[in-house]
Amino acid sequence: MVEVALGTALAAIGAGLAVGFAGLGSGLGQGIAAAGSVGAVAEDEDMFARGIIFTALPETQAIYGFLIAILLMVFTIMANKALPASLGLIAIGAGAAIGFAGLGSGMGQGITASSAVGAVVENEDMFARGIIFTALPETQAIYGFLIAILLMVFGGILAG
């Protein structure tokens, strides 16, 4: 049986929170946007490419969570040394920061994207404005991503 230090186990939980919740937000957001896009394409086949663009926008939250999870794994689990519990708790905080921010942001972005697709079907001039509105919920995920990085830096996980 392999012995895993408590801090290392907590870091693994942090990595899972980061990618799990951010991925959940992206998946829900993309599903919501795709549902609106399918309806738009049924009305106007020329909406396919624009629908794909709106559907892809909520993907970034999963990417942010994935990056934080990789950083946590590389600098904690793969470091192959016993990690103190305090660093493991910081890792959970970092994972939760991007995970929960990505969850809410991805869902909000999907809802906005779905509405934007409907607006573009009615008026093609709404495309650029729809993209801008859809991008706005992204800022919440960026805040979570930055806090996760800062927690890892100031907490000593990313210290040289």
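**A close look**

Author: Let's start with E138, which sits in helix α6, residues 138–154. Helices here are DSSP runs of H or I with at least four residues, strands are runs of E with at least two, and both are numbered from the N terminus. Keep in mind that this is a predicted model, where local features need pLDDT of at least 70, side-chain atom pairs count only at pLDDT 80 or more, and totals for chains, interfaces and linings use all residues. Residues are numbered from 1 along each chain as its sequence is written, and side-chain values use heavy atoms, with hydrogens and water left out.

Buried means under 20% relative accessible area, exposed means over 50%, and partly exposed is in between, with a 1.4 Å probe and protein chains only. A salt bridge needs a side-chain nitrogen of Lys or Arg within 4 Å of a carboxyl oxygen of Asp or Glu.

What does E138 contact, leaving aside neighbours within four places in sequence? The list is L57, T60, Q61, Y64, S105 and Q109, where contact means heavy atoms within 4.5 Å.

Compare that with E124, which does form a salt bridge: its partner is R50, and the closest N and O atoms are 3.9 Å apart. E124 lies in the loop between α4 and α5 while R50 is in helix α2, so the pair ties together parts that are 74 residues apart in sequence. R50 is buried, at 17% relative accessible area. The salt-bridge count comes to 1.

Back to α6, the helix that holds E138. A nonpolar core is a set of buried Ala, Val, Leu, Ile, Met, Phe, Trp, Tyr and Cys residues joined through side-chain atoms within 4.5 Å. The largest one has 18 residues, and I68, L72, I98, A148, M152 and I157 touch the most other members. Two or more residues come from each of α1 (6–43), α3, α4 and α6, and α4 is the top contributor with 5 residues. M152 touches I68, L71, L72, A94, I157 and L158, if you skip residues up to four places away in sequence. There's also a second, separate core of 8 residues, with A40, F54, A113 and A116 among them.

Over on α4 you'll find A101. A101 counts as buried at 16% relative accessibility, and beyond four places in sequence it contacts A96, Q140, A141 and G144. A101 and F21 are 80 residues apart in sequence, yet their C-alpha atoms are 8.5 Å apart in space.

F21 brings us to the rings. Phe, Tyr and Trp rings (the six-membered one for Trp) pair if their centres lie within 6.5 Å; planes under 30 degrees apart are stacked, over 60 edge-to-face, and the rest tilted. That gives 3 aromatic pairs. One of them is F21 with F100, tilted, at 4.7 Å centre to centre and 35° between the planes. F21 is in helix α1 and F100 in helix α4, so this pair ties together parts 79 residues apart in sequence. F21 is partly exposed at 27% relative accessibility, and F100 is partly exposed too, at 47%. Another pair is F54 with F127: the centres are 5.5 Å apart and the planes are at 75°, so this one is edge-to-face. F54 belongs to helix α2 (residues 48–56) and F127 to helix α5 (residues 127–135), so the pair links parts 73 residues apart in sequence. F54 is buried at 0% relative accessibility, whereas F127 is partly exposed at 24%.

Zooming out, the chain has 6 helices and 0 strands. Its C-alpha trace spans about 60 × 30 × 20 Å along the principal axes, and buried residues make up 38% of the 160. Of the contacts between residues at least 6 apart in sequence, 89% join residues at least 24 apart.
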